[in-house]
Amino acid sequence: MTPSEKYTAAAYLVVFVGVLAYVLIIASKLQRLQRQVGELVETVRDREASQRVEGTVEREATERG
Amino acid sequence: MDNLTLVIVLWVVPLAWLLPILVAVNTAHLRGRSAVLGGLLAALLSWIGVGIVLLLPRGQGAGSAALHEHFAPLDRISLPMFAGATTALFAAAIGLVFFYAPTDTNQGLSQRIFYFHVPIALTAYVCFGWGAWKALRHLWKRDPDADLESYVAIHQGVIFGTLTLLTGSIWAKISWGVWWVWSDDQLVLFLVLFLFYAAYFMLRYSVEAGVQRANMCAVYALFGVVLIPISFLAIRISRSIIHPEVFTLNGPQMTGAMFLTFSVCLYAMLSLFATLYNTELAGKRLDLQLRELRELLA
């Protein structure tokens, strides 16, 4: 490989590595957002489940009373 | 407006404006200043048209809701469309650079760095300019999305600026024998512009989020835009011998084949910017919405 070929390859490689690194960072951020959405869904589900249990307890107490 | 119309408006029309002129220039080998300037003007006008279409859904005032409804499909399809166009344009650009463009008699193979280096630099200017425009929208119209859009555009500008400096240094090493020349106005002014916008992030992260931060960042972004024309015109002002002037009033100083390759590379870089900008913006908006949702659920 001549020096001219080496430097040209290096310049193009820098661009592609730069873009790939950026895509990698964006992908990791999206993964984090996906995890956070999952956590929020779990929170909402837990809250709904606890509200359902509370409702059942209150209904039983009313029936007994 | 259906998807096909949007694709025509956004991609086919601009390319239809540009390609015949480029082909004409290519076959006639630069018939003169009027043909080239006409081609560039036509391309610029078509892209202004595209910009207006893109800006319309975000318009303020009476009737903006109706317009938003009318252009709603744009938001849904713009990102995959930009990504697809970027892929196609990059494939075409690489093909043209390595299999079509003639080898320069003076510099040899290393001259091919020009096809990526200059479009990346011009895209960096576009990013900073777009960031400044959004900053102005924030200060002028109080557009609620403008601050985030300005931030993302400047972030993209810094990325493209880094790539410009890196590819430029590699090209300088093979052409001039040094990595950097402090006596060249173009290089130094681009570095100043880059550092100015790199410092934008120091300002942004040193102030607490809110209206005050958005205002300060908008003013800073607007100050920086003054450096763009100075940096762009530096070669013309300084008449530097080391950094040759490629685009003169007599048209581009290159063959038609080289100019065609350069134009496709420029389109590819602008498409890449549009894709990355929309991707990052979507991520940032999602992050903000998630934060809001978490606060509501707390």
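Tutor: Gladly, and since this is a predicted model, let's begin with confidence. Over residues 27-31 of chain B the pLDDT stays under 50, and the model has eight contacts beyond four places in sequence for them. Another such stretch is residues 56-74 of chain B, with pLDDT below 50 and 18 contacts in the model beyond near neighbours in sequence.

Student: Where in chain B is confidence lowest, and where is it highest?

Tutor: Helix 3 (residues 64-70) of chain B is lowest, at a mean of 45, and helix 6 of chain B is highest, at 94. Chain B as a whole averages a pLDDT of 78, and 69% of its residues score at least 70. For the complex, the predictor gives an ipTM of 0.80 and a pTM of 0.75.

Student: What is chain B made of?

Tutor: Its secondary structure comes to ten helices and two strands. Reading from the N terminus, the order is α-α-α-α-α-α-α-α-α-β-β-α.

Student: Why is Y125(B) called buried?

Tutor: A residue needs 20 or more other C-beta atoms within 10 Å to be buried. Y125(B) has 21 such neighbours, so it counts as buried. Y125(B) lies in helix 5 of chain B and, not counting residues up to four places away in sequence, touches I228(B) and F232(B).

Student: And T103(B), is that buried or exposed?

Tutor: The limit for exposed is 12 or fewer. T103(B) has 10 other C-beta atoms within 10 Å, so T103(B) is exposed. T103(B) sits in the loop between helix 4 (72-99) and helix 5 (114-141) of chain B. Leaving aside neighbours within four places in sequence, T103(B) is in contact with G108(B) and L109(B).

Student: How do you know whether helix 7 of chain B has the span expected of it?

Tutor: Helix 7 (residues 185-206) of chain B has 22 residues, and at 1.5 Å a residue 32 Å is expected. From first C-alpha to last, helix 7 reaches 31 Å, which is close to that value. Its buried residues are Q186(B), L187(B), L189(B), F190(B), L193(B), F194(B), Y197(B) and Y200(B).

Student: What makes a group of residues a nonpolar core?

Tutor: The members must be buried, belong to the nonpolar kinds that qualify, and be joined through C-beta atoms within 7 Å. The largest such core here has 64 residues, and C127(B), I154(B) and F273(B) are among those with the most contacts inside it. Helix 1 (3-64) of chain A supplies at least two residues of this core, as do several helices of chain B, including helix 4 and helix 5. Helix 10 of chain B gives the most, with 16 residues. As for C127(B), its contacts beyond four places in sequence include I154(B), F160(B) and F273(B).

Student: How many residues of chain B are in contact with chain A?

Tutor: 24 residues of chain B are in contact with 21 residues of chain A. On the chain B side, helix 6 (146-176) and helix 10 (256-297) are the elements that give two or more residues. Helix 10 of chain B provides the largest share, ten residues. By kind, the chain B side divides into 14 nonpolar, five polar and five charged residues.

Terms used. Residues are numbered from 1 along each chain as its sequence is written. Chains are lettered from A and ligands numbered from 1 in the order in which they are written. This is a predicted model: local features need pLDDT of at least 70, side-chain atom pairs count only at pLDDT 80 or more; totals for chains, interfaces and linings use all residues. Helices (H or I, at least four residues) and strands (E, at least two) are DSSP runs, numbered from the N terminus. The expected span of a helix is 1.5 Å times one less than its number of residues. Two residues are in contact if their C-beta atoms, placed from the backbone, lie within 7 Å. Ala, Val, Leu, Ile, Met, Phe, Trp, Tyr, Cys and Pro count as nonpolar, Asp, Glu, Lys and Arg as charged, and the others, Gly among them, as polar. pLDDT is the predictor's confidence in each residue, from 0 to 100.
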